Amino acid sequence: PSPRTEWKASASYSLGHTDTSQPLLEQGVLLPLSQTHTLTGTLALAQDLGERTALKVDGRFYGVSFEAPDLIDQASLRGTAALERRLGARSTAALEYSLEDVLSDQTGLSYLTHFGSAQWTRVLSPRTALLLEGGASYTPDTQSAGLDRATSFFGGASLTLRPRGASVELFLRREVAPAFGTGASRLSLRAGLSAAASLGRDWALELGGNHVDPESPASASEEYPASDDVSVVLGRRLGGRFRVSAEASFRHRGATGTREALSSVQAGLFLSLAGPPLPAGRQPASGR
């Protein structure tokens with residue numbers, strides 16, 4: 001709407017399964033195969049308040065429902081406000097506050113989690129940047145959330161590399177997040193990699209990997225095993241409107257006291273309608 005103000009919005013609905021639902025992949029929740037209905041939406045505002053200061057406000061909605069009767073439908077609404085200040089040509093500091101409301105269909109009740117943190121971003125070179133974040137989260141209703149304590153350390157680090165014709169992001173993050181399908185939240189340590197590279201004029205390669213290690217209370221540790229998710233996509237544009245891609249993914253969840261270890265492999269060849277070509281070194285998925 002103006003040189004100092006920017007709006008962004010998105011929404012999506014997908015009919016799929018537990019091994020393709022985007023919120024479940026981000027949370028590292030690997031569940032028995034079941035049909036899912038997934039609804040997501042985002043709304044963001046960025047406002048420059050001066051030469052060095054900016055205000056960013058955004059909201060995010062996730063909702064997943066399951067056909068399997070033993071999996072619990074859940075939804076999450078999270079709002080974030082951040083005040084950023086440029087400290088120089090290469091450094092930026094920010095204070096950020098988030099509030100997440102999680103609703104479970106099992107009880108019909110919701111619970112809140114507060115997040116507060118300080119961030120520091122440093123541009124190490126024209127193609128490399130480092131983000132550090134540290135703070136705390138607070139969940140007053142620990143019983144509904146399934147947590148053993150109300151306050152936990154929240155934060156992590158990410159490194160973004162942009163070599164010519166490619167982009168790479170590495171991240172490490174610890175936070176409380178809802179585990180859709182379980183009816184509760186969990187404290188997890190997540191590490192991941194996302195990369196995209198242009199292989200000539202029409203070819204592109206994408207790689208992704210996530211490892212989630214839940215830090216559950218001892219009484220529930222067997223129900224929240226570690227999980228891994230790896231994906232590879234090799235795509236080629238066919239003319240201006242079509243794209244053919246070979247895609248493969250591997251997912252693994254450790255065994256629990258009531259369920260065996262779960263692994264899945266998917267591979268396929270896809271023909272898609274495609275928009276204009278993306279520039280090389282596009283932004284990968286965020287570790288957030």
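Reader: Where does Val212 lie?

Author: Happy to start there: Val212 lies in strand β11, residues 203-214. A strand here is a DSSP run of E with at least two residues, while a helix is a run of H or I with at least four residues, and both are numbered from the N terminus. Please keep in mind that this is a predicted model, where local features need pLDDT of at least 70, side-chain atom pairs count only at pLDDT 80 or more, and totals for chains, interfaces and linings use all residues. Residues are numbered from 1 along each chain as its sequence is written, and side-chain values use heavy atoms, with hydrogens and water left out.

Reader: Why is Val212 called buried?

Author: Buried means under 20% relative accessible area, exposed means over 50%, and partly exposed is in between, with a 1.4 Å probe and protein chains only. Val212 has 2% relative accessibility, so the residue counts as buried.

Reader: What is Val212 in contact with, leaving aside its neighbours within four places in sequence?

Author: Contact means heavy atoms within 4.5 Å. With those neighbours left aside, the partners of Val212 include Gln27, Gly28, Arg186, Ser188, Ala226 and Ser227. Take Ser188: its C-alpha is 6.5 Å from that of Val212, although 24 residues separate the two in sequence.

Reader: Is Gly135 buried or partly exposed, and why?

Author: Gly135 has a relative accessible area of 24%, so it is partly exposed. This glycine is found in strand β7.

Reader: Which residue in β8 does Ser137 stand opposite?

Author: That is Ser152. Strand β8 (residues 151-161) pairs with β7 over 11 bridges, in the antiparallel sense.

Reader: What makes β1 and β2 a pair?

Author: There are 13 bridges between β1 and strand β2 (residues 35-48), against the required two, so they pair, in the antiparallel sense. Ser10 stands opposite Thr42 in β2. β2 is also joined to strand β3 (residues 53-66) by 13 bridges, again antiparallel, with a hairpin of 4 residues from β2 to β3. Across that pairing, the bridge partner of Gln47 is Leu55 in β3.

Reader: Why does Ser21 count as buried?

Author: Its relative accessible area is 1%, which is under the 20% cut-off, so Ser21 is buried. Ser21 is found in the loop between β1 (5-17) and α1 (22-27). Apart from neighbours within four places in sequence, Ser21 is in contact with Thr36, Thr38 and Val64.

Reader: How many helices and strands does the protein have, and why is it called as compact as a globular protein of its length?

Author: The protein has 2 helices and 14 strands. Its radius of gyration is 20 Å, close to the 19 Å that the globule rule gives for 288 residues, so it is as compact as a globular protein of that length. The radius is taken over C-alpha atoms, and the rule is 2.2 Å times the number of residues to the power 0.38. Of the 288 residues, 35% count as buried.
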